[in-house]
Amino acid sequence: TQSTWDLASLRTDFADLQSLAILDLSANRFTAVPESLCALPRLRTLDLSSNRITALCPAIAKLWQLQGLYLIDNRLASLPPEIGGLIGLSTLALEGTQISELP
């Protein structure tokens, strides 16, 4: 896992980590979910807490095995409707965001 590395982006070849199941990128400087994360088919847990994320891209729906998504303390005001396609999602942590309703 990676955490508190002051990251604002990921290398494009990060998507080559096809077997990655758990990823902690909390406490960094991301303003958006890196597109390369949406190409990780086996990702089950994604922690992007304490970043500067303002929006989630619709491609988040490609993470069909995702069970836990942690977006605590980000600058989100809404979620894309595509998040409803994450049928295995059992934990969606949104504390400290401006989200007041789910799509």
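Predicted model: local features only at pLDDT ≥ 70, side-chain atom pairs only at ≥ 80, totals over all residues.
The strands form an open sheet of 4 members in the order 1-2-3-4, with parallel pairing. Strand 1 (22-24) and strand 4 (91-93) are the edge strands, each of which pairs on one side only. On average, neighbouring strands of this sheet are turned by 5° against each other, direction ignored. Strand 3, comprising residues 68-70, is joined to strand 4 by 3 bridges, and the two run parallel. Within strand 4, A93 stands opposite Y70.

The largest nonpolar core consists of 25 residues. The residues with the most contacts inside this core are L25, L37, L46, L48, L56 and L71. For L48, when neighbours within four places in sequence are left aside, the contacts are L25, S26, V33, L37, I53, Y70, L71 and N74. In soluble globular proteins, nonpolar side chains tend to be buried together.

The structure contains 2 salt bridges. One of them is formed by R29 and D6, with the closest N and O atoms 2.9 Å apart. This pair links distant parts of the chain, as R29 lies in the loop between strand 1 and strand 2 (45-47), whereas D6 lies in the segment before strand 1, 23 residues apart. R29 is partly exposed, at a relative accessible area of 33%, and D6 is also partly exposed, at 48% relative accessibility. D13 forms a salt bridge with R11, and here the closest N and O atoms are 2.6 Å apart. D13 has a relative accessible area of 34% and is partly exposed, while R11, at 60% relative accessibility, counts as exposed.

Notes: Residues numbered from 1 in each chain as written. Heavy atoms only, no water. Core = buried A, V, L, I, M, F, W, Y, C linked by side-chain atoms within 4.5 Å. Buried < 20%, exposed > 50% of the residue type's maximum accessible area, 1.4 Å probe, protein only. Contact = heavy atoms within 4.5 Å. Pairing = 2+ DSSP bridges. Axes fitted to C-alpha atoms, helices over the stretch in contact; angles between N-to-C directions. Salt bridge = Lys/Arg side-chain N within 4 Å of Asp/Glu carboxyl O.
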